[in-house]
Number of protein chains: 2
Amino acid sequence: MLTFRIVLVEPEHPHNVGFVARAMHCNAISELYIVYPKRDAVNPESYRTAHNSSEILDGAKVVHSLDEALSTAHYAFAFSRRRFDTIIPHTSLPHITEFLPKDGTIALVFGRESCGLSLEEIERCAMICEIPVPGQMSLNLAQAVTAACYELCRSGLLNNPGLRTDRVPLKRGRIEKANIGQIENFLSYLHGHLTDRYQNNTWTESAVREFLQRLEPTRFEMSALLGLVKSLVMRGKEEARHVEKGGQ
Amino acid sequence: MLTFRIVLVEPEHPHNVGFVARAMHCNAISELYIVYPKRDAVNPESYRTAHNSSEILDGAKVVHSLDEALSTAHYAFAFSRRRFDTIIPHTSLPHITEFLPKDGTIALVFGRESCGLSLEEIERCAMICEIPVPGQMSLNLAQAVTAACYELCRSGLLNNPGLRTDRVPLKRGRIEKANIGQIENFLSYLHGHLTDRYQNNTWTESAVREFLQRLEPTRFEMSALLGLVKSLVMRGKEEARHVEKGGQ
């Protein structure tokens with residue numbers, strides 16, 4: 001079994017540590033290590049942004065060196081976008097799962113907000129992992145942790161799939177695509193109830209046929225459309241009857 | 001071509017709007033709409049957390065209703081984890097790309113920090129999208145936007161792949177796995193330079209063989225290991241010579 005540990009190296013802004021705790025809590029990751037060379041405890045300010053995730057901060061291990069944070073883990077990824085002259089192999093977050101061992105504790109190491117991880121720190125890890133950012137600017141620390149957790153979650157590596165189980169499953173007709181038969185059935189009803197002017201306009205029918213096939217509607221949607229059209233016809237008839245009665 | 005628009009419906013904390021701008025900037029997404037029923041401009045407080053992304057806030061369109069924010073888009077996803085009794089179909093973020101049209105402007109709609117989107121707001125959209133969170137707690141607003149942008153980026157839907165192009169490509173030997181021949185070559189050198197006691201211990205050789213095959217080392221790593229072993233042997237010889245000379 002794989003477990004994950006978030007390691008923050010000298011985070012500079014305590015509110016970011018709180019946001020990291022929240023992202024971890026959301027993703028059911030609980031092991032937080034913070035490397036603070038000169039502190040022995042979590043900064044109380046961090047609790048302000050932790051939002052229901054204070055347990056993560058309560059359980060966080062504050063250590064004085066990266067080595068202490070890694071010694072009980074089995075494999076470490078250094079998160080960095082900087083370019084280093086090192087033999088440490090490099091991957092990007094969408095590919096991280098290809099490099100994960102089958103089990104053990106995986107440390108995901110994140111650096112300082114201002115300057116990231118040093119080369120020396122990176123070389124304590126087995127791999128460098130980069131989070132792709134098309135805008136060529138680094139994510140905020142907690143956003144980087146969020147992206148990393150999301151990737152693990154979407155790869156099925158966290159404790160549960162993370163989806164609510166109280167969703168009502170969609171009925172079959174809501175998913176199953178309407179076939180051409182159902183579309184033609186609709187077109188036939190539609191055609192049979194148009195005014196002469198529209199019935200003689202073959203362009204309309206072809207256009208609607210093309211439009212419906214392109215839409216790829218579900219069976220449910222086609223039934224709903226047929227219902228709408230029938231309702232229009234019915235209302236027309238009702239109004240006609242009403243006028244007739246009024247005229248008597 | 002697809003373009004993406006982030007729509008925030010009545011965000012309550014201005015610092016979250018700044019963090020959202022940063023996540024957007026990182027992912028090269030620039031269209032931000034904010035639905036503020038009673039405001040006409042971005043809250044100046046939001047600039048404090050935008051970190052180099054003030055252009056996104058400068059260009060943000062503040063509107064008074066969700067309809068205004070959606071009218072020029074083509075397809076809208078409502079981000080929500082709440083359970084609604086609605087026929088709006090539901091997906092989860094890892095599957096969002098399966099439901100994207102081929103082109104147009106896609107609105108990603110996020111609700112209030114405290115209570116998300118209302119049913120009425122959700123029903124202005126084509127689909128509900130849920131971000132899987134194993135911890136059963138919602139991400140912070142900007143973290144949710146970060147996860148959504150990351151998913152689009154990893155699916156190749158943003159302007160560029162987001163990876164730095166200045167990485168030195170790994171040399172072939174650094175990627176290519178060592179074959180058994182190379183491993184046996186190493187074992188043979190090792191065996192030939194062990195003391196008698198270790199040479200006669202067949203367990204050691206088998207254990208090292210098994211261990212190396214399991215490691216799946218690259219060619220580069222096997223060369224490095226061989227170099228290390230040779231260096232140990234050399235150093236031993238040097239010291240022996242030194243002792244001998246000293247002994248003369």
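Predicted model: local features only at pLDDT ≥ 70, side-chain atom pairs only at ≥ 80, totals over all residues.
Colleague: Let us start with helix packing. How are two packed helices described?

Modeller: Two numbers do it: the angle between the axes and the distance between them. Take α7 (residues 180-192) and α9 (residues 202-215) of chain A. Their axes come within 11 Å and cross at roughly 150°. That angle makes α7(A) roughly antiparallel to α9(A), since angles over 145 degrees count that way.

Colleague: Is the crossing of α7(A) and α9(A) left-handed or right-handed?

Modeller: Right-handed.

Colleague: Which residues of α7(A) and α9(A) meet?

Modeller: From α7(A) come I180(A), I183(A), E184(A), F186(A), L187(A), L190(A) and H191(A). They meet E205(A), V208(A), R209(A), L212(A) and Q213(A) of α9(A). Sorted by class, this contact has 7 nonpolar, 2 polar and 3 charged residues.

Colleague: Now chain B. How do α1(B) and α5(B) run relative to each other, parallel or antiparallel?

Modeller: Read the angle again. The axes of α1 (residues 14-26) and α5 (residues 141-154) of chain B cross at roughly 15° and come within 8 Å. The two helices are therefore roughly parallel, because the cut-off for that label is under 35 degrees. The crossing of α1(B) and α5(B) is right-handed.

Colleague: Next, the interface. How is the size of an interface often given?

Modeller: As the accessible area lost when the parts come together. Between chain B and chain A, about 4,700 Å² is buried. Carbon and sulfur atoms give 58% of that area. In residues, 51 of chain B are in contact with 51 of chain A.

Colleague: How many salt bridges cross the interface of chain B and chain A?

Modeller: The rule finds 2. R154(B) forms a salt bridge with E151(A). The closest N and O atoms of R154(B) and E151(A) are 2.7 Å apart.

Colleague: And how many salt bridges over all chains?

Modeller: The count comes to 20. R124(A) with D67(A) is a salt bridge, with the closest N and O atoms 2.9 Å apart.

Colleague: Where do R124(A) and D67(A) lie?

Modeller: R124(A) is in the loop between α4 (119-122) and β7 (127-130) of chain A. D67(A) is in helix α3 (residues 66-70) of chain A. So the pair ties together parts 57 residues apart in sequence.

Definitions and conventions. Residues numbered from 1 in each chain as written. Chains lettered and ligands numbered in written order. Heavy atoms only, no water. Axes fitted to C-alpha atoms, helices over the stretch in contact; angles between N-to-C directions. Helix = DSSP H or I, 4+ residues; strand = E, 2+ residues; numbered from the N terminus. Parallel < 35°, antiparallel > 145°, perpendicular 65-115°, else oblique. Left-handed = near helix turned anticlockwise from the far one by under 90°. Contact = heavy atoms within 4.5 Å. Nonpolar A, V, L, I, M, F, W, Y, C, P; charged D, E, K, R; others polar. Buried area = accessible area lost by both parts, 1.4 Å probe. Salt bridge = Lys/Arg side-chain N within 4 Å of Asp/Glu carboxyl O.
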